[in-house]
Amino acid sequence: MRLGVSKHVVRCSIGTVSGESKTHFPAKSQRSSFSAVKFRPGDGSSDLAVSSSSRRELICIVTWPCLLPLIGCLPANALQAGAKEYLLIKEEVRKVLSKGKAAGVLRLVFHDAGTFDINDNSGGMNGSIVYELERPENAGLKKSVKVLQKAKTQIDAIQPVSWADMIAVAGAEAVEVCGGPPIQVSLGRLDALVPDPEGRLPEESLNASGLKKCFQSKGLSTQELVALSGAHTIGSKGFGSPNSFDNSYYKVLLEKPWTSSGGMSSMIGLPSDHALVEDDECLRWIKKYADSENLFFEDFKNAYVKLVDSGVRWKNM
């Protein structure tokens with residue numbers, strides 16, 4: 001992969017005021033409201049392609065610690081969010097998001113990004129879900145879109161934001177507000193203007209083999225399938241507290257309460273949840289996450305970022 005550094009990098013200036021360091025970022029770019037370092041795919045080599053006029057800026061990025069958290073989470077072909085824009089979205093989302101609404105907002109992420117097909121690079125995180133709310137598999141998501149619309153209206157009045165970015169950030173906030181790991185995503189996604197093809201979301205009745213094949217078509221591994229399935233720990237699926245994002249999902253899966261005859265325990269989870277624990281490869285990861293919540297949090301965070309970058313068309317790319 002060849003790495004090109006744009007002139008419009010995130011900048012910070014460091015000075016000293018009364019013995020304390022003072023940091024200001026980002027600088028406004030004339031071309032885009034988002035400051036960015038651009039990663040351009042090349043011939044597979046690891047060469048760093050930097051023009052002579054950009055070397056000084058690259059040195060600043062590597063030298064100044066204040067930028068390392070921003071650069072570290074930047075995926076290929078993405079525009080890294082300027083701090084001001086990113087914090088604005090987070091702030092407005094938090095005003096409308098509660099623990100009780102978190103599961104619906106997180107489901108919105110999965111149903112928007114879940115249309116991605118790696119074979120033709122179509123679908124994915126593109127905001128097309130707003131055109132697909134009448135589909136049976138998206139029942140109930142109108143409420144979540146309505147919740148986010150309130151925040152989006154406020155943000156658009158200051159700085160226009162795409163639905164894709166809005167949903168990606170809101171899903172990350174939904175995880176954190178319920179006690180899950182903080183997740184930072186990049187901004188700069190472009191919205192689709194038409195719905196994505198139907199029939200691309202995994203069906204609730206799929207067995208483990210079918211689930212793995214479905215996720216593979218989206219560029220996601222078995223480990224990422226199991227990690228992302230942990231999102232069912234919140235909501236009404238019956239895995240632990242509906243408002244706490246933790247590793248209860250995996251502990252309950254190992255107990256297999258749905259095998260009990262009668263009672264509410266038989267209603268816990270979906271058939272696709274039950275199928276995971278019957279597969280040896282999935283079971284290995286279920287046990288790991290049941291034993292270590294920290295491992296689950298780390299793997300979920302990484303899989304989430306990958307999910308919300310699936311099929312994305314980025315601004316200025």
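A residue counts as buried under 20% relative accessible area, as exposed over 50%, and as partly exposed in between. With a relative accessibility of 44%, Tyr131 therefore falls into the partly exposed class. Please keep in mind that this is a predicted model.

Where does Tyr131 lie? Its place is the loop between α4 and α5, the latter being residues 141–156. Together with Leu193 and Val194, Tyr131 makes a nonpolar surface patch of about 350 Å².

## The chain as a whole

Let's step back to the overall picture. The protein chain has 12 helices and 5 strands. It holds 317 residues, and 51% of them count as buried. The accessible surface comes to about 15300 Å², with 52% of that belonging to carbon and sulfur atoms.

Contacts in sequence terms are worth a look too. Taking contacts with a separation of 6 or more, 72% are between residues 24 or more positions apart.

## The nonpolar core

How many residues make up the largest nonpolar core? There are 71, and those with the most contacts inside the core are Phe245, Phe300 and Tyr304. Helix α6 gives the most to this core, with 9 residues.

Setting aside neighbours within four places in sequence, Tyr304 is in contact with Leu106, Val109, Ile167, Ala168, Gly171, Ala172, Ile183, Val185 and Leu228.

## Asp165 in helix α6

Helix α6 spans residues 163–177 and includes Asp165. Is Asp165 buried or exposed? Asp165 is buried, because its relative accessible area is 2%, where the cut-off for buried is under 20%.

Which side chain does the side chain of Asp165 meet in a polar contact? The partner is the side chain of Arg189, at 2.8 Å. Beyond neighbours within four places in sequence, the contacts of Asp165 are Ser186, Leu187, Gly188 and Arg189.

## Helix α8 and its cover

Helix α8, residues 222–229, is mostly covered, and 8 of its 8 residues are buried. These are Thr222, Gln223, Glu224, Leu225, Val226, Ala227, Leu228 and Ser229.

What covers the buried residues of α8? The cover includes α4 (99–113), α7 (208–216), α9 (248–255), α10 (271–276), α11 (280–291) and α12 (293–308).

Methods
Residues are numbered from 1 along each chain as its sequence is written. This is a predicted model: local features need pLDDT of at least 70, side-chain atom pairs count only at pLDDT 80 or more; totals for chains, interfaces and linings use all residues. Side-chain values use heavy atoms; hydrogens and water are left out. Helices (H or I, at least four residues) and strands (E, at least two) are DSSP runs, numbered from the N terminus. Buried means under 20% relative accessible area, exposed over 50%, partly exposed in between (1.4 Å probe, protein chains only). Contact means heavy atoms within 4.5 Å. Accessible areas come from the Shrake-Rupley method with a 1.4 Å probe; for residues, only the protein chains shown count as cover. A polar contact is a pair of N or O atoms within 3.5 Å; within protein, one must be able to donate a hydrogen and the other to accept it, and residues adjacent in sequence count only if both atoms are side-chain atoms. A nonpolar core is a set of buried Ala, Val, Leu, Ile, Met, Phe, Trp, Tyr and Cys residues joined through side-chain atoms within 4.5 Å. Patches are made of residues with over 30% relative accessible area and no salt bridge: like charges are joined within 9 Å, nonpolar side chains (Val, Leu, Ile, Met, Phe, Trp, Tyr) within 5 Å. A salt bridge is a side-chain nitrogen of Lys or Arg within 4 Å of a carboxyl oxygen of Asp or Glu.
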